[in-house]
Amino acid sequence: MRIHFEFNHANPLLDLLVEVATDYIMKDLGLDKSKSSVIISTERTVTIGDMDCLGLAEKVGSVYYVSIKSSLSVKKAINTLAHELRHIWQFVNGWTMDMESPYYERPQEIDAFAYGDEFTERMIHEIYDAYKARKLLVA
């Protein structure tokens, strides 16, 4: 998948984190082999209608878009990015998006929340293990 980043630079550390984490998530989901394009941005506000959101994934024409709120903590940003990229995976894999059920009961949201939580925990453990290994090497 061709990736283009559009950062608002409100939080340069978050911008870097999003760029690095995107590579891991795309490979984890198998999206790195897709010929589609995705534009990933950090935004001061992310909204759907009048609802304030942490992130958003959508398809417009042949391009996928992911927006992440730039004020998120590191852990919440990883979780939200994984959640939104899971929606891109769902789009690519032909999921039918249920927009009628209550938000937290929609199959695509249940799946995206589960993936976001699982990926975030796995990433935190990998970072912690790398930190421990580095600390042992320095000591």
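Biologist: How many residues apart are Arg 122 and Glu 118 in helix 3?

Modeller: Arg 122 and Glu 118 are four residues apart in helix 3, so about one helical turn separates them. Helices (H or I, at least four residues) and strands (E, at least two) are DSSP runs, numbered from the N terminus. This is a predicted model, in which local features need pLDDT of at least 70 and side-chain atom pairs count only at pLDDT 80 or more, while totals for chains, interfaces and linings use all residues. Residues are numbered from 1 along each chain as its sequence is written, and side-chain values use heavy atoms, with hydrogens and water left out.

Biologist: What do the side chains of Arg 122 and Glu 118 meet in?

Modeller: They meet in a salt bridge, at 2.7 Å from N to O. A salt bridge is a side-chain nitrogen of Lys or Arg within 4 Å of a carboxyl oxygen of Asp or Glu. By this rule the count comes to six salt bridges.

Biologist: Which residue forms a salt bridge with Asp 28?

Modeller: Asp 28 is paired with Arg 122, and their closest N and O atoms are 3.0 Å apart. This pair links distant parts of the chain, since Asp 28 is in helix 1 and Arg 122 in helix 3 (residues 107–138), 94 residues apart.

Biologist: And which residues are joined into one network?

Modeller: Asp 28, Glu 118 and Arg 122 are joined by salt bridges that share partners.

Biologist: What about Lys 75, which side chain does it meet in a salt bridge?

Modeller: Lys 75 meets Glu 121, at 3.6 Å from N to O. Lys 75 lies in helix 2 and Glu 121 in helix 3, so this pair ties together parts that are 46 residues apart in sequence. Lys 75 is partly exposed, with 46% relative accessibility, and Glu 121 is partly exposed, with 36%.

Biologist: Switching to helix 2, what should its residues span?

Modeller: The 19 residues of helix 2 (residues 74–92) should span 27 Å at 1.5 Å a residue, and its end C-alpha atoms are 27 Å apart, which agrees. The expected span is 1.5 Å times one less than the number of residues. Gly 94 follows helix 2 and has a positive phi, near 75°.

Biologist: And helix 1, how far apart are its end C-alpha atoms?

Modeller: They are 26 Å apart, in agreement with the 26 Å that its 18 residues should span. Helix 1 is followed by Gly 30, whose phi is also positive, near 75°.

Biologist: Which residues of helix 1 are buried?

Modeller: They are Leu 14, Asp 15, Val 18, Ala 21, Thr 22, Ile 25, Met 26 and Leu 29.

Biologist: Which residues touch the most other members of the largest nonpolar core?

Modeller: Among its 25 residues, these are Ile 25, Val 66, Leu 81, Leu 85 and Ile 88. Helix 1, strand 2 (37–43), strand 6 (63–69), helix 2 and helix 3 each give two or more residues to this core. A nonpolar core is a set of buried Ala, Val, Leu, Ile, Met, Phe, Trp, Tyr and Cys residues joined through side-chain atoms within 4.5 Å.

Biologist: Last topic: where is Ser 67, and is it buried or exposed?

Modeller: Ser 67 is in strand 6, and it counts as buried because its relative accessibility is 15%. Its side chain makes a polar contact with the side chain of Ser 41, at 3.3 Å. A polar contact is a pair of N or O atoms within 3.5 Å; within protein, one must be able to donate a hydrogen and the other to accept it, and residues adjacent in sequence count only if both atoms are side-chain atoms.

How values were computed. Buried means under 20% relative accessible area, exposed over 50%, partly exposed in between (1.4 Å probe, protein chains only).
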